[in-house]
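Let's take a walk through the charged side-chain pairs of this one. Have the viewer open and follow along.

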Amino acid sequence: QVQVAESGGGLVQAGGSLRLSCAASGSIFSVNAMGWYRQVPGKQRELVGVTSGGSTIYADSVKGRFTISRDNAKNTVYLQMNSLKPEDTAVYYCITDARTIYSSAINRYWGQGTQVTVSS
């Protein structure tokens, strides 16, 4: 019913930048929050940042380096990552909290993930 697709991952040297994009599509009636999580093998998935209603929160580990922006008309969210560190290496997942045309319930939809690797 709702598809979430990320793009833009890859390999970058420490200190470099990457921009991830995520688009939500399908039978969407409305979108609430959009954002990003990340996961390293063997560890729990952790919040990177989420934007909703004009407000954005970030994990302490990325504050000042990562910026989330959103295009509501396109149901798209971006993650600009600057000053990347090797510890930012992870699979990055996009999330969309959306209501479909079939139900009043708001559900969280996840993308497949995109790998970001930061070399030292």
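Predicted model: local features only at pLDDT ≥ 70, side-chain atom pairs only at ≥ 80, totals over all residues.

Residues are numbered from 1 along each chain as its sequence is written, and side-chain values use heavy atoms, with hydrogens and water left out.

Side chains of opposite charge can pair when their charged atoms come close. Here a salt bridge means a side-chain nitrogen of Lys or Arg within 4 Å of a carboxyl oxygen of Asp or Glu, and that rule gives five of them.

Start at Asp88. Its side chain meets that of Arg38 in a salt bridge, 3.0 Å from N to O. Arg38 belongs to strand 4 (residues 28–39), while Asp88 is in the loop between strand 8 (76–81) and strand 9 (90–100), 50 residues apart; strands are DSSP runs of E, at least two residues, numbered from the N terminus. Asp88 also forms a salt bridge with Arg65, with the closest N and O atoms 2.7 Å apart. Arg65 lies in the loop between strand 6 (55–58) and strand 7 (66–71), so this pair ties together parts that are 23 residues apart in sequence. Arg38 and Asp88 are both buried, and Arg65 is buried too (under 20% relative accessible area, 1.4 Å probe, protein chains only; exposed is over 50%, partly exposed in between).

Now hop over to Arg108 and Asp97, whose side chains meet at 2.7 Å, N to O, in another salt bridge. Arg108 is in strand 10 (residues 106–110) and Asp97 in strand 9, 11 residues apart. Arg108 counts as partly exposed because its relative accessibility is 36%, whereas Asp97, at 12%, counts as buried.

Conventions. Helix = DSSP H or I, 4+ residues; strand = E, 2+ residues; numbered from the N terminus.
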